[in-house]
Amino acid sequence: MKIGLFGYGKMGKMIEQIAQDRGHTIIAKIDNNTQDIDYGAMDVAIDFSTPEAAFDNITNCFKHGVPVISGTTGWLDKFSEAVGICEANKSAFIYASNFSLGVNIFFELNKQLAKMMAGLQQYKVSMEEIHHTQKLDAPSGTAITLAEGIIENTSYKNWELDKSGDNTIPIKSIREGMVPGTHSVTYESPVDTIEIKHEAHNREGFALGAVIASEWIQGKTGVFSMKDVLNLS
């Protein structure tokens, strides 16, 4: 594949290495909107840019018939609009808050556990996420996705950072050292505790998942998720 990289920070550089190791070619590295971009040379675009640039990056690709894999957070208020542009141009799109294969399996495990716990009111759920000190947003996009999975399948109505309530999932965010990402979901009752946890050992899993998604989307039209890539639907 010929890949255009939108965003060439740490994640972009890691995606570049993994893509090349898998026999693909990086034909563009775009870190701002002022460069001339040869969309016609791209088989796929991978966007790990900034919240300010993501929407334009993604929709410009759609308008040129380039499928997009995006892991940029902070722009999702325009997600529905982007989907409409994708569909109007018969392009293809995968967005994920986390492309790690293990995390996406963890998302599904979280939903299944939530369904099992929904009728057991004696258990109270809480969440914790730990990341490196350079990560500025809190809670993480992955933690929010986990919380949304619980809300979809239980009587919980919302989540709050460091706050709890009858229908609120409390999320604790910790920033320390160079932790790539650890997420845990805990159900606690007066008599016992049930916990599921995902711990990333490095950031390579995030980049690998994005490249695998890029390989999977070739020749397809529509809006997909990592559930489709991993056949978890």
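One definition before the first stop: Ala, Val, Leu, Ile, Met, Phe, Trp, Tyr, Cys and Pro count as nonpolar, Asp, Glu, Lys and Arg as charged, and the others, Gly among them, as polar. By that scheme, the lining of the largest pocket splits into 10 nonpolar, 18 polar and 4 charged residues. Keep in mind as you go that this is a predicted model.

**Stop 1: the largest pocket**

Select Thr73, His132, Lys135, Asp137 and Arg203. Of the 32 residues that line the largest pocket, these are the closest to its centre. The space here comes to about 880 Å³. Now colour helix H1 (10-21) and H5: each supplies at least two residues of the lining.

**Stop 2: the second largest pocket**

Next, pick Tyr95, Ala96, Ser97, Thr145 and Glu148. They lie nearest the centre of the second largest pocket, which has 26 lining residues. Its volume is about 640 Å³. Which helix gives the most to this lining? H5 does, with 6 residues. H4, strand S11 (222-224) and H7 also each supply at least two. Sorted by type, the lining holds 11 nonpolar, 9 polar and 6 charged residues.

**Stop 3**

Most residues other than glycine have a negative phi, and most peptide bonds are trans. Here, the bond from Ala138 to Pro139 is cis, with omega near -5 degrees.

Then step back to His131, in strand S6. Is His131 buried or exposed? The cut-off for buried is under 20% relative accessible area, and His131 has 6%, so it counts as buried. Show its contacts beyond four places in sequence: Ser140, Ile174, Arg175, Glu176, Val179, Pro180, Gly181 and His183.

**Stop 4: Glu199 in S10**

Select Glu199, which lies in strand S10. At 47% relative accessibility, Glu199 is partly exposed. Leave out the neighbours within four places in sequence, and Glu199 is in contact with Gly181 and Thr182. For a distance check, draw a line from the C-alpha of Glu199 to that of Pro180: they are 19 residues apart along the chain and separated by 8.2 Å.

**Stop 5: helix H4**

Select residues 101-117. At 1.5 Å a residue, the 17 residues of helix H4 should span 24 Å, and the end C-alpha atoms are 25 Å apart, so the two agree. Look at the start of H4, where a side-chain oxygen of Ser100 comes within 3.3 Å of the backbone nitrogen of Gly102.

Now show the side chains of Val103, Asn104, Phe106, Phe107, Glu108, Asn110, Leu113, Ala114 and Met117, which are buried in H4. An α-helix has 3.6 residues a turn, so residues three or four places apart point the same way. What do the buried residues of H4 pack against? Their partners are H5, strand S9 (182-188), strand S10 (193-199) and H7.

**Stop 6: helix H6**

Move to residues 204-216. Helix H6 has 13 residues and reaches 18 Å from its first C-alpha to its last, close to the 18 Å expected. Highlight Phe206, Ala207, Gly209, Ala210, Val211, Ala213 and Ser214, which are buried in H6. The buried residues of H6 pack against H1, strand S3 (44-47), strand S4 (68-70), S5, H4 and H7.

**Stop 7: H7 and what follows**

Click on Asp228 in helix H7. Asp228 is partly exposed, at 27% relative accessible area. Beyond four places in sequence, Asp228 touches Trp216 and Ser233.

Carry on to Asn231, in the segment after helix H7 (226-229). Phi of Asn231 is positive, near 55 degrees, though the residue is not a glycine. Asn231 is exposed, with a relative accessible area of 68%.

**Last stop: Lys90**

Finish in the loop between helix H3 (79-88) and strand S5 (92-95), where you will find Lys90. Lys90 is not a glycine either, and has a positive phi of about 50 degrees. Lys90 is exposed, at 66% relative accessible area.

Note on methods. Residues are numbered from 1 along each chain as its sequence is written. This is a predicted model: local features need pLDDT of at least 70, side-chain atom pairs count only at pLDDT 80 or more; totals for chains, interfaces and linings use all residues. Side-chain values use heavy atoms; hydrogens and water are left out. Helices (H or I, at least four residues) and strands (E, at least two) are DSSP runs, numbered from the N terminus. Buried means under 20% relative accessible area, exposed over 50%, partly exposed in between (1.4 Å probe, protein chains only). The expected span of a helix is 1.5 Å times one less than its number of residues. Contact means heavy atoms within 4.5 Å. A polar contact is a pair of N or O atoms within 3.5 Å; within protein, one must be able to donate a hydrogen and the other to accept it, and residues adjacent in sequence count only if both atoms are side-chain atoms. On a 1 Å grid over the protein atoms alone, a cavity is a set of points where a 1.4 Å probe fits but cannot get out, and a pocket is an open set with protein on both sides within 12 Å along at least five of seven lines; lining residues have an atom within 4 Å of a point. Grid points are joined across faces, edges and corners, and a volume is the space filled by probe spheres set on the points.
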